[in-house]
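Please read this briefing with the sequence and the structure side by side. The points are grouped by topic.

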Amino acid sequence: MSAYRCPECGYLFDEDEGDEHEGYRPGTPFAKLPDDFACPDCSVRFKDDFEKV
Amino acid sequence: MKGYTATLPGGEAIYYVDRKRYLWTLSVLYPLQPFIGIWLHAETGNQAWLLLPIFLGYVVNPLLDWVLGEDENNPPEEVLLKLDRDPFYRILTYLVVPLHFVSLIGAAWWAGTQSLSWWAFLGLAAVAGITSGLGINTGHELGHKKSKIERRLAKIVLAVPVYGHFWIEHNRGHHRDVSTPEDPASSRMGESIYRFATREIPGAFKRAWAIEKERLERRDKSAWDMNNQILQSMSLSLVLQVGLLLAFGWKMIPFLLVHNVLAWWQLTSANYVEHYGLLRLKDDKGRYERCQPHHSWNSNHVFSNLVLFHLERHSDHHAHPLRRYQSLRHFDNLPTLPSGYFGAYLLAWIPPLWFRVMDKALLALPHVNHDLTRVNIEPAKRAAIVQKYGRRPGESS
Ligand SMILES: [Zn+2]
């Protein structure tokens, strides 16, 4: 699985870990995140903006 | 004074000293202002002293901004990271949290135990409210950060003004939607602050609740679960305010009512002046452009920035929401408020005056250039605004 990073603030979405606080279970593929997904930390970058690491 | 070393791209070594380092303690001490009035009242027996912080806030503060002027200096790019990570600045924001509780409890104690004339009583409640409005500012600085401790402190300090929903609303709602017609916390051209308040106060709460509810649903929890971060902060508010009621009796009902409303009004005033009329444009896919520095009104006025943790450097804040207060930068050619926030609030509270000054400034911005399609306009005022400012066909800029 892969991880995706917010280019503004560095928030990392690791598919293996998901994001418990935000309610994304471990193993959630980045593609399955809602289309209007905004970075949970800065809210000024969106799904399309995230970079694969 | 502590400084930072760095090497410029050309190889030259620099040593940077932040001249404001210790001056930021003003943001920590300013919330103690009710005690100046209480002390002078106790010393002289004259109740009018209780109102002194109102005079300090709205007369002395704008005057100091005017006299001391603006500061456009930025720390060099090369030391920004070191400055941002220096724990000294962070600790100041931790220290102010308990002081907000001390101020409210102290003012409530004085109002509840002294025999005051009605005007002095209400004046002290107003002073307490204005001061707790500063607590929203403290919660704002803390709530933008990633660390657990800072987020926890944000929820705690926001319990004082009973605004626990603010950091969710602000971070996840306002920053996403800022300077668009969809944002209840961005004011529109032609919208008075009073009309704005009726849209902003309920709108912000609804948006925060919706965002938190959605998050809890993803976790298969009810919106009323104690994981709801709004409820966490609000329960602390309840304990605090019921505690004051039990300690000082029925007098606390009008006191807290005035306190709460005035605290919220501080935030409404700040929100009102921060993005007035500014609009992010949509791209060909119908998505709003990224928030850029020219989507916020900025102010570099020295004094009011020093008591507000640099909140008025709002353009950089919206472009980079996690940047800490000490490293927020000035940019050239920004939308610029005619004064610091306290003076700007005075202007905002008198709508005809505000429109007169700000509509002209808004339309003259380089990225607007009198083009009303680049302005966030109050729908009810659109026709009148187009009539007054619209360009006739064939007229060029
Ligand atoms: Zn981010």
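**The zinc site and its surroundings**

A:C39 is buried, with a relative accessible area of 0%; buried means under 20% relative accessible area, exposed over 50%, and partly exposed in between (1.4 Å probe, protein chains only). This is a predicted model, in which local features need pLDDT of at least 70, side-chain atom pairs count only at pLDDT 80 or more, and totals for chains, interfaces and linings use all residues. Residues are numbered from 1 along each chain as its sequence is written, chains are lettered from A and ligands numbered from 1 in the order in which they are written, and side-chain values use heavy atoms, with hydrogens and water left out.

**Zinc ion**

- The zinc ion has A:C6, A:C9, A:C39 and A:C42 as its protein donors, each through SG, at 2.2 to 2.3 Å. Donors are N, O and S atoms within 2.8 Å of the metal (3.2 Å for Na, K and Ca); water is not among the atoms, so sites may look incomplete.
- The four donor atoms subtend angles of 104 to 115 degrees around the zinc ion, so the arrangement is tetrahedral. Four donors count as tetrahedral if all angles lie between 85 and 135 degrees.
- Along the chain, the donors of the zinc ion are spaced as C-x2-C-x29-C-x2-C.
- A:C6 is in the loop between β1 (3–5) and β2 of chain A, and A:C39 in the loop between β2 and β3 of chain A, so this pair ties together parts 33 residues apart in sequence. Helices (H or I, at least four residues) and strands (E, at least two) are DSSP runs, numbered from the N terminus.
- A:C6 is buried, at 1% relative accessibility.

**Aromatic rings**

- The count over all chains is 31 aromatic pairs. Rings of Phe, Tyr and Trp (its six-membered ring) pair if their centres lie within 6.5 Å; planes under 30 degrees apart count as stacked, over 60 as edge-to-face and the rest as tilted.
- A:F13 and A:Y24 form an edge-to-face pair, with 6.1 Å from centre to centre and 80 degrees between the planes.
- A:F13 lies in strand β2 (residues 12–14) and A:Y24 in the loop between β2 and β3 (51–52), both of chain A, so the pair ties together parts eleven residues apart in sequence.
- A:F13 is buried at 0% relative accessibility, and A:Y24 is buried at 9%.
- In chain B, ring pairs link B:Y30, B:Y58, B:Y194, B:W265, B:Y341, B:F342, B:Y345 and B:W349 into a cluster.

**Where the chains meet**

- In chain A, 21 residues are in contact with 18 residues of chain B; contact means heavy atoms within 4.5 Å.
- The two chains bury about 1,800 Å² between them, 37% of it on carbon and sulfur atoms. Buried area is the accessible area (1.4 Å probe) that two parts lose on being put together, summed over both.
- A:H21, A:E22 and A:D41 supply 29% of the area that chain A buries against chain B, more than any other three residues.

- B:I201 is in helix α9 (residues 193–218) and is partly exposed, at 25% relative accessible area.
- Leaving aside neighbours within four places in sequence, B:I201 is in contact with B:Y163, B:W264 and B:T268.
- B:V162 has a phi near 55 degrees, a positive value in a residue other than glycine. B:V162 lies in the loop between α7 (148–157) and α8 (166–177) and is buried, at 16%.

Key: Tetrahedral: all angles 85-135°; square planar, octahedral: opposite > 155°, others 65-115°.
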